[in-house]
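Subject: Structure handover

Hello,

Here is the structure I promised to pass on. Please open it and keep it beside this email as you read.

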Amino acid sequence: MTPLLQLKGISKRYGGVQANSGIDLRVDAGSIHAILGENGAGKSTLMKLIYGVEVPDDGQIIWKGQPAHLSNPSDARRLGIGMVFQHFSLFETLTVVQNMALIVPGSKAALSARIRDLGARFGLTIDPRAVVHSLSVGERQRVEILRCLLLNPELLILDEPTSVLPPPSVALLFDTLRALKAKGMAILFISHKLEEIRDLCDTATILRQGKVTARLAPRERSARELATLMIGRPMPPAVHPTPQGLGEQRLELARLDYLNDDPFGVSLSDIGLSVRGGEILGIAGVSGNGQQELAALISGELTLPGSHRDCVRLMGLPVGDLGAAERRLRSFAFVPEDRLGRGAVPDMSLSDNALLTAHSRGLVRNGFIRRQTERSFTADCIARFDVRTPGPHAEAGSLSGGNLQKFIMGREMMLDPAVLLVAQPTWGVDIGAATEIRQRLVAMRNKGAAIIVISEEIEELFEICDRLHVLHKGRLSPSLDVARTTVDEVGTWMIGAAA
Amino acid sequence: MTILAFILAGTLAAATPMLLAALGELIVERSGVLNLGIEGMMALGAAIGFVVTYHTHNPYLGFAAAALGGIILSLVFAILALALTANQVAAGLAIGVLGQGVSSLLGKPLESQTLNAPDKLPIPGLADLPLIGPVFDQDVVVYLTLILAVVLWAVLNHSKLGLIIRAVGESPGAARAIGFPVVRIRLGAIAFGGALAGMAGAYASTIYTPLWADGMIAGRGWIAVALVVFGTWQAGRIVFGALLFGALSLGGLIGQAAGVALPSQVLASVPYVVTIFMLAVISSNRRRMRLNTVASLGQSFSG
């Protein structure tokens with residue numbers, strides 16, 4: 001049988017980075033094929049080449065036995081290739097049907113009817129008149145998938161489709177994908193989540209540093225084997241915190257309401273939580289349910305009016321009306337979710353970035369920077385937290401995601417804060433560095449710090465946290481004890497279905 | 001004619017140069033490009049329109065030449081802003097200064113010359129109404145500009161072309177990912193904006209005040225830019241803002257003629273201040289502003 005899609009020796013270079021080199025791939029109709037690899041392994045680049053967003057430097061793309069030249073996504077769509085992007089390519093201010101009309105021919109009424117019809121057949125119900133910015137992430141993904149299906153593709157590419165979904169929605173998505181496969185569609189499924197791939201996919205191609213390292217049937221291998229092939233060495237062991245005596249109350253939020261006047265933002269209502277020394281509290285939930293607002297309220301980037309200063313208490317004192325700098329003076333530290341721009345200034349050296357939050361550690365005297373001390377503080381941070389970089393003079397923007405995250409975490413940890421807030425600690429960080437970061441957090445907890453981790457990765461929270469809250473549409477679930485709860489229970493809270 | 005009738009009749013014509021330029025800028029900004037060179041493009045269009053009409057006695061030729069001049073100048077801006085991904089603010093300001101300079105140069109030999117304004121085109125029936133009759137006795141460009149405002153509103157909100165322009169303005173990256181030629185679409189929008197700015201200038205110099213004086217655009221291009229932003233990128237509000245400005249500037253003239261005891265500079269500044277203030281009040285609703293703001297406005301995009 002002729003394969004539906006075949007790649008021969010595909011290579012692509014961006015500047016000095018060889019994103020793909022000599023990649024061969026074969027996808028058959030009626031099958032789900034996984035592309036497995038770490039962040040930066042070249043998965044997304046490869047998909048962009050297949051979808052015509054980028055053009056390969058070298059190699060051949062063969063569609064149903066014929067060489068194909070794809071210089072534009074519309075070429076790919078004409079052949080019958082559809083793609084669901086990781087960061088959705090939807091337009092927030094347009095309605096669902098307007099988004100579809102951009103690439104699907106037909107009148108609005110006809111499109112709306114087809115959207116409802118396809119939605120009913122594949123479990124992708126959505127209101128065609130809804131404006132996209134009012135939809136949840138899961139609903140947006142449905143819109144993307146529907147937009148592809150309206151063009152009757154023979155190959156559907158999904159780039160990390162589950163990274164944004166709560167577990168119950170993942171199960172729904174998989175049902176949809178299996179139904180599409182049964183109709184004879186081929187699916188390219190890109191992921192770094194091993195269990196999902198073993199669950200869903202028939203065949204898999206593993207990429208590492210832009211090259212194919214294995215082709216296999218994922219159901220016949222263990223997750224551990226797949227991980228080893230993916231990262232090129234055995235997986236580092238996970239550390240779980242052991243129960244320990246708790247210290248005093250360090251951070252407390254009570255009856256905290258926040259009304260967001262940004263229509264694309266989330267309002268918080270009646271938030272209550274508390275963290276003691278020696279524990280890690282996790283905030284689970286799909287991004288966009290109020291995580292950014294909650295982090296900003298805890299860090300002091302958003303302040304409350306004086307009448308509500310009691311809603312946030314740090315070390316027993318009301319701080320709701322204090323700004324970020326004043327809260328940091330009270331032994332609070334914060335690692336924001338976006339490393340470049342908020343966690344660090346991309347064009348400044350690591351030394352100068354260290355100065356930004358560690359200035360109180362003797363790096364400044366009489367208003368002047370002590371360069372020597374600044375450099376040795378930075379060098380110390382680089383050495384202790386295993387940051388791979390030429391040295392303290394390197395620009396923050398030149399570091400890889402994982403290394404920069406280690407540096408920022410290190411900088412905040414060296415301040416030895418009583419309370420540490422970390423948002424999305426391992427977003428876009430490779431598995432090795434992510435494991436190290438989690439180990440550091442647990443070590444810090446064991447030494448008595450109070451830590452709050454906001455994360456989308458449930459597995460990560462289950463690995464390191466003592467207790468969990470789930471954030472859904474600006475409301476916080478009751479505290480769940482990690483030892484006694486289950487992924488399913490947390491998943492139910494994540495979609496707001498729990499009582 | 002009473003004062004009221006004078007204002008009613010004159011408002012539309014006074015508003016037309018700003019409105020025409022602002023409608024062009026609306027399309028440019030909706031596609032995500034901030035063109036601050038409008039003032040210069042209007043000035044260039046005014047000079048070209050005047051010179052061509054003066055020598056050929058054909059106002060249509062004058063308008064066509066002014067549109068062409070506006071397009072050429074806007075393409076220079078497009079080369080800087082799109083091809084070379086230069087900072088749009090800086091590129092727009094530079095092009096604006098260039099346009100004003102060329103305008104002075106072209107107009108120099110005809111300083112203080114006059115033209116015959118074309119005849120007005122009363123709408124039969126309506127123009128004879130008491131009081132509001134003069135509103136329906138305008139030149140053809142006024143009618144066409146108002147029709148254009150309605151057409152552009154419909155295109156932006158109810159056509160695929162409008163969807164594409166808005167999509168490119170909201171997220172050029174996503175638009176490219178689904179296969180739209182972002183740069184070409186923006187180029188088209190810039191050229192359209194340039195053409196309208198050129199014609200707006202020609203209207204000011206050949207119809208509204210058919211007399212050449214250097215610097216005659218006098219900030220109306222900037223008002224056009226302000227109208228677009230404070231009108232929250234919506235055609236209806238831009239029309240409202242332009243009419244308000246037109247009415248107030250006429251009111252100022254009347255005030256001066258009637259000998260109001262205020263310095264003429266103060267009276268002349270009233271329309272600017274009041275228009276900006278009114279539009280600022282309209283756009284002060286942060287929520288509505290955020291929903292209508294063009295997300296990628298002013299950001300360079302390559303690819």
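First, a term: helices (H or I, at least four residues) and strands (E, at least two) are DSSP runs, numbered from the N terminus.

Next, the ground rules. This is a predicted model, so local features need pLDDT of at least 70 and side-chain atom pairs count only at pLDDT 80 or more, while totals for chains, interfaces and linings use all residues. Residues are numbered from 1 along each chain as its sequence is written, chains are lettered from A and ligands numbered from 1 in the order in which they are written, and side-chain values use heavy atoms, with hydrogens and water left out.

Chain A as a whole

Chain A holds 16 helices and 23 strands. Its C-alpha trace spans about 70 × 50 × 40 Å along the principal axes.

Of the 499 residues in chain A, 55% are buried. Buried means under 20% relative accessible area, exposed over 50%, and partly exposed in between (1.4 Å probe, protein chains only). Now contacts, which means heavy atoms within 4.5 Å. Take the contacts in chain A with a separation of 6 or more: 66% of them join residues 24 or more positions apart.

Start with Glu463(A). It lies in helix H15 (residues 458-464) of chain A. Glu463(A) counts as buried, because its relative accessibility is 12%. What does Glu463(A) touch, not counting residues up to four places away in sequence? The list is Ala238(A), Val239(A), His240(A), Pro241(A) and Arg438(A).

Now Ile452(A). It sits in strand E20 (residues 450-454) of chain A. Ile452(A) is buried too, with a relative accessible area of 1%. Leaving aside neighbours within four places in sequence, Ile452(A) is in contact with Leu251(A), Val275(A), Leu281(A), Ile283(A), Ile298(A), Leu420(A), Leu421(A) and Val422(A). Arg219(A) is another matter: Ile452(A) and Arg219(A) are 36 Å apart in space, C-alpha to C-alpha, and 233 residues apart in sequence.

Aromatic pairs in chain B

A pair of aromatic rings is described by the distance of the centres and the angle of the planes. Rings of Phe, Tyr and Trp (its six-membered ring) pair if their centres lie within 6.5 Å; planes under 30 degrees apart count as stacked, over 60 as edge-to-face and the rest as tilted.

Tyr54(B) is partly exposed at 25%.

Phe245(B) and Tyr272(B) also form a pair, and it is edge-to-face: 5.0 Å centre to centre, 80° between the planes. Phe245(B) lies in helix H10 (residues 235-257) of chain B and Tyr272(B) in helix H11 (residues 264-282) of chain B, so the pair ties together parts that are 27 residues apart in sequence. Phe245(B) is buried, with a relative accessible area of 4%. Tyr272(B) is partly exposed, at 29%.

Finally, a cluster: Phe50(B), Tyr54(B) and Trp212(B) form one aromatic cluster.

Best wishes
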